[in-house]
Amino acid sequence: MLGFVVRRLRGRLPLAAAVLLTVLITTTVLTALFAFTRGVGDAGLRQALQGPGRERATVLVTGEHPAPARTQDDAAVRGFADELFGRLPVGVESLARSRPYGLPGAAAPGREADLTLLASFDRRRVRLLAGQWPQAAGGAGSAGGPSPLGVAVPRAALVRLGLTEAALPAEVRLADRYGGAPLTVLVTGVYRAADPADPYWRLDPLGGRELQVSSFTTYGPLLVDDTAFTAGGLPQNSRGSLLTADFTTVRAAEAGALRERAAGLAGGSGEAGVKTPAGFQIKTELPVLLEELESGRLVARSSLLVGALQLAVLAAAALLLVAQLLTDRQEPERVLLTARGASRARLGALGAAGSLLLALPAAVLAPLLTPPLLDLLSGYGPLSRVPLDTSGTWLLWPVAAACALGCVALTALPAVLRGAGASALRRSGRRQALVAGAARSGADLALVALAVLAYQQLAQYSGAGHEPAPAGASGGLGVDPVLVAAPTLALCAGTLLVLRLLPFAARLGGRLAARGRGLGPALVGWQLARRPRRATGPVLLLVLAVSSGVLALGQHTAWTASQRDQAEFATAGGLRISGSELAPLGRGGRYSSLPGGERVIPVVRTKQELPGGRAGQVLALDAAAVAERVPLRSDLRDGRAMRELFTPLAAANGSAGGGIELPGHPRRLEVEVTAQTPRSGGRPGLGLLLRDRFGLTYRTPLLPLPESGEGTVPVDLDALAGAPLGSAAAPLSLAGLVLSYGLEAGPGGRPEPPGAGEPALPGADRTSPRGRRGPRAAAVPVPLPAAPPGWTLKAPPLSGATPAAELLPAQEAPGGPALLRLRYRGGTDTFGGVQIGLLAGPAPAAEVPGIATRGYLAAVGAAVGDLVPVPLGGATVPVRITAAVGSLPVAGDTALAVDLATAGRLLASDTGRELPPPAEWWLPAASAGDPAPARAAAELRGGAGGQQVELRGEVAAALLEDPLSAGPQSALAALAVACAVLAAIGFGASAAAAGRERARSSPC
């Protein structure tokens, strides 16, 4: 039988070759796509776990144990690492740290002493800039006693200690913060971190930045030899171990198992996960990172499945067309064999044998051609920098066999249908195509309706903000069949609609061609108009191929634009700074001094729990600056201009910001006060409300007033700003005053009665802040206006509805202007404390205008024009919604934005409340080629202090080069080429068959 089948195919060699090529291309491409999906998923996984963001994949284990417990600690950490990472090799780097010590020098008023600590850094991670490395501890000094402990210091600490490189070695005396004996160290060298971005510096509390400014200013750490803890008597306060796994060979299945084991480390229940060792603390982002990668892998798989389904549809159409042509050519042979007694089963076996014979080369060659195809595909674009693992090729054989069997079924289908319904085919005519019958039966319209339903489902996904991958039974994400099938359904529906219109187009073309003078076009038009269904197959392939190519091109263009839009959205169009370690007052001056700093925008960003458990975000930002500088895609703001949306928010503040401007760049304020206080009412405290150039209001710590008479209340702005690294954003203005007082508890915890038995004691407050523009500059007097209309008093009522304080008429000071006077009252109901706010300027409006996203409004059940209570700064701020948009920059689709200065003034009027410090600072680019954000990012990364920096260009490049995202785009382009080749084969075979038929019907 095999010889007969071969002779039958040899007689129709061109059509048999077309079937063979179609099966070979389809099987090879689908097999390569299977291997590509696995390879890209694993490559993207490995790059994310070992690439620039690899610090998120590390695990920091910290234990506060003494040095003698190191052996037990190392064993516990190693056991934890083996249990967590399984077969993956894990590197463990450890760092011993001392308790904090005070640096020499008296602390400034209102400022804590500067601190440092000692740590045994790996010397391979640091570079020696001057001097020499500290020696091992345990040696004797020149006088026979123990020698000072040798240390190397970072340059910031060297400057703080008042030393120079030429003065080394030098002894320094450190104060023990726990009350122990001072520690004398010998500074022998100066070092710096070789690569502060290396994950190793997670072990350093300062992150390799040399300086950290918060409630304390910490310098260092001071580098010591590890023997200082084991033999030198230096107490080990804590020891951190950084676990870094080698993910070079990790696969998706292993990552899934690792995600389950690490689930408990992210704060979840984690019953099946790895438990934290007793006595240790774990800090890691590994579970969150693995969840993000799994989501990205599913998106990539969905994109590849979309392309694979389109290829399968077009390959099926091409195979059916060519197989139909081959069956038509073999029809006389089938009739002859039937007349000679061949049964239907015999004829089916012959057809199946021919199909298997044509598919066998594809099943054998596809696994062999897959590796070269993968090398070719990964040799260009972002994939060229990521090695694809093509191991495990044994899986390609069953995949190729399954694809080949599918092609066999499609190839044999026309012959089976022809044999089963010969009488029906004789009635309908040999020229009728399957797709034409489907069109006449209305199946194309049903497919169009199905495509519309799928599109509506996708629109609901997008509108509701849901992930297209629903949760499976196990709680994990899965590939959504609607997302995969919708593009192909739309493609097929559009193609069938074209076929339905083909006869009308053919008749119209024939009439137009007949009006012309040329014979060729007229004959072509007449032929198509007489037998339009003959062109159904080629037109079907042509439309599918062109549509697949256009879809792939459109998807790549949309994907590229989407990645760039995401980068612009996430970075506010330039540079986004977050996680600053500077003091809140010092951030404005620091970031304003950066390149392009005149365009920097502070942003207060807080979370809000919305009804239904949904999380929202509240932004307080400089609305006027956002309207002018921050880009937002037009569709996210419904086509309205940014000025139209954000300018009304800033206009509400107007010129009512008020305040008394302080000259120059003040570093210290001295408030002159004359006070008369109750005998037992406790010493009142005075705080200042300072407003910087961004409209941010800061409240200084409350400092005690003199018990009676005149005095000076000093405010060290340098200390509050975290100088020398931080500085206030000048010009500063005095926005108001805060006075706090209350009765003290007597014996038994009861409040003592007010002095002299009076229900209220008069008090007067005279202030005159002085700004110092340099360490030795003369003070500049700034008198406060005393007229009551220039101030707004906010005081709680006492018993009998009597206000706790009131403004008094101005009193002329000897030799100076009239000063502000305030009387506050005591009483038993002041026990526990009373706070009074005094705001410069008139009272602000009782509500704040704001912009909300539609998702936020839907969550709170509000609409444009409604008044929404919003928690902000420890108070509830009434916000009047002026506009609704799709999304707000950086925050997303569930957020609300108000003007920073307007909200700050309203809070300040409520007894001196203040906004939370800005969590982010945005520096939008002035144009596409503006170098200022990149220069500012480089300056921040190279300087002292810690913060997170996100640059638009870097974020866009990372998104465009992500294998999980870029891989499907390359694959879709290759699939479009394969579709074009398959369509060309089918189109050529159909054209050749039509030419032979016309040649046989020609009289010549």
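**Close-up 1. P724 sits in the loop between α20 (717–721) and β22 (733–741).** Helices (H or I, at least four residues) and strands (E, at least two) are DSSP runs, numbered from the N terminus. The peptide bond joining A723 and P724 is cis, with omega at about 10 degrees. Most peptide bonds are trans. This is a predicted model, where local features need pLDDT of at least 70, side-chain atom pairs count only at pLDDT 80 or more, and totals for chains, interfaces and linings use all residues. Residues are numbered from 1 along each chain as its sequence is written, and side-chain values use heavy atoms, with hydrogens and water left out.

**Close-up 2. A cis peptide bond joins L168 and P169.** Here omega is about -5 degrees. Look for P169 in the loop between α4 (155–160) and β7 (170–176).

**Close-up 3. D638 has a positive phi although it is not a glycine.** Its phi is about 60 degrees. Most residues other than glycine have a negative phi. You will find D638 in the loop between α18 (623–629) and α19 (642–651). D638 is partly exposed at 41% relative accessibility; buried means under 20% relative accessible area, exposed over 50%, and partly exposed in between (1.4 Å probe, protein chains only).

**Close-up 4. V890, not a glycine, also has a positive phi.** The angle is about 70 degrees. V890 belongs to the loop between β31 (875–885) and β32 (895–899), and V890 counts as buried, at 11% relative accessibility.

**Close-up 5. R251 and D42 meet through their side chains in a salt bridge.** A salt bridge is a side-chain nitrogen of Lys or Arg within 4 Å of a carboxyl oxygen of Asp or Glu. For this pair, the N to O distance is 3.0 Å. R251 lies in the loop between β11 (238–245) and α6 (252–262) and D42 in helix α2 (residues 13–50), so the bridge ties together parts 209 residues apart in sequence. R251 is partly exposed at 24%, whereas D42 is buried at 6%.

**Close-up 6. D226 and R70 form a salt bridge at 2.7 Å, N to O.** This pair links distant parts of the chain, 156 residues apart: D226 is in the loop between β10 (217–223) and α5 (227–230), and R70 is in helix α3 (residues 70–85). D226 is partly exposed, at 30% relative accessibility, while R70 is buried, with a relative accessible area of 12%.

**Close-up 7. R54, E93, R125 and D198 are linked in a salt-bridge network.** The structure holds 34 salt bridges.
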